[in-house]
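Subject: Structure handover

Hello,

I am passing on a structure that you have not worked with before. Please look through it first, then read the notes below.

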Amino acid sequence: MLLPFDLRADREGWTVFEIATDRPAFLDGLPLTGLSLDEAEVAVNALNKLEIACQRTARKMINPAVSQF
């Protein structure tokens, strides 16, 4: 599975972006741009972890017999 979020340097620090759209990710309406490297890493890891959990839950709802990975 490809992770949906990544980070890259911007003019003011680091941006968390959505790989599919190549646009900055938003959290509560705020763009995740100009972050410190530590903040960006925490955000991208949390967003990717949340996405993985959502996909895992969706798979269970479709096929309850699917084992967890």
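A residue counts as exposed when its relative accessible area is over 50%, as buried when that area is under 20%, and as partly exposed in between. E12 has a relative accessible area of 69%, so this residue is exposed. Please keep in mind that the model is predicted.

The sheet

Three strands make up an open sheet, in the order β1-β2-β3, with antiparallel pairing. β1 and β3 (23–24) are the edge strands, each pairing on one side only. Strand β1 covers residues 5–9 and strand β2 covers residues 14–18; five bridges join these antiparallel strands. Within this pairing, D6 is opposite F17 in β2, and R8 is opposite T15 in β2. In general, the strands of a sheet pair through hydrogen bonds of the backbone, in a parallel or an antiparallel way.

β1 and β2 form a hairpin, and four residues lie between the two strands. G13, in the turn, has a positive phi of about 155°. E12 belongs to the loop between β1 and β2 as well. The C-alpha atoms of E12 and L27 are 18 Å apart in space, and the two residues are 15 apart in sequence.

Helix α1, residues 37–62, lies across β1 and β2. The helix runs at about 165° to β1.

R8 and the aromatic rings

What does the charged end of R8 sit over? The charged end of R8 is placed over the ring of F17, at 3.9 Å from the ring centre. As for pairs of aromatic rings, a search of the whole structure finds zero.

The T15 side chain makes a polar contact, at 2.5 Å, with the side chain of D10. Apart from neighbours within four places in sequence, T15 is in contact with D6, L7, R8, D10, P24, L32, T33 and G34.

G34 lies in the loop between β5 (30–31) and α1. Its relative accessibility is 32%, and therefore G34 counts as partly exposed. When residues up to four places away in sequence are not counted, G34 touches D10, E12, G13, W14 and T15. Between G34 and I52 the C-alpha to C-alpha distance is 25 Å, with a separation of 18 residues in sequence.

Two positive phi values

Most residues other than glycine have a negative phi. D22 is not a glycine, yet has a positive phi of about 60°. D22 is in the loop between β2 and β3, and with a relative accessible area of 47% this residue is partly exposed.

D28, also a residue other than glycine, has a positive phi near 55°. Where is D28 found? D28 is in the loop between β4 (26–27) and β5. The relative accessible area of D28 is 77%, so D28 is exposed.

Regards

Conventions:
Residues numbered from 1 in each chain as written. Predicted model: local features only at pLDDT ≥ 70, side-chain atom pairs only at ≥ 80, totals over all residues. Heavy atoms only, no water. Pairing = 2+ DSSP bridges. Contact = heavy atoms within 4.5 Å. Axes fitted to C-alpha atoms, helices over the stretch in contact; angles between N-to-C directions. Phe/Tyr/Trp six-rings, centres within 6.5 Å; stacked < 30°, edge-to-face > 60°. Lys NZ or Arg CZ within 6 Å of the ring centre and 35° of its normal. Buried < 20%, exposed > 50% of the residue type's maximum accessible area, 1.4 Å probe, protein only. Polar contact = N/O pair within 3.5 Å; in protein donor to acceptor, adjacent residues only side chain to side chain.
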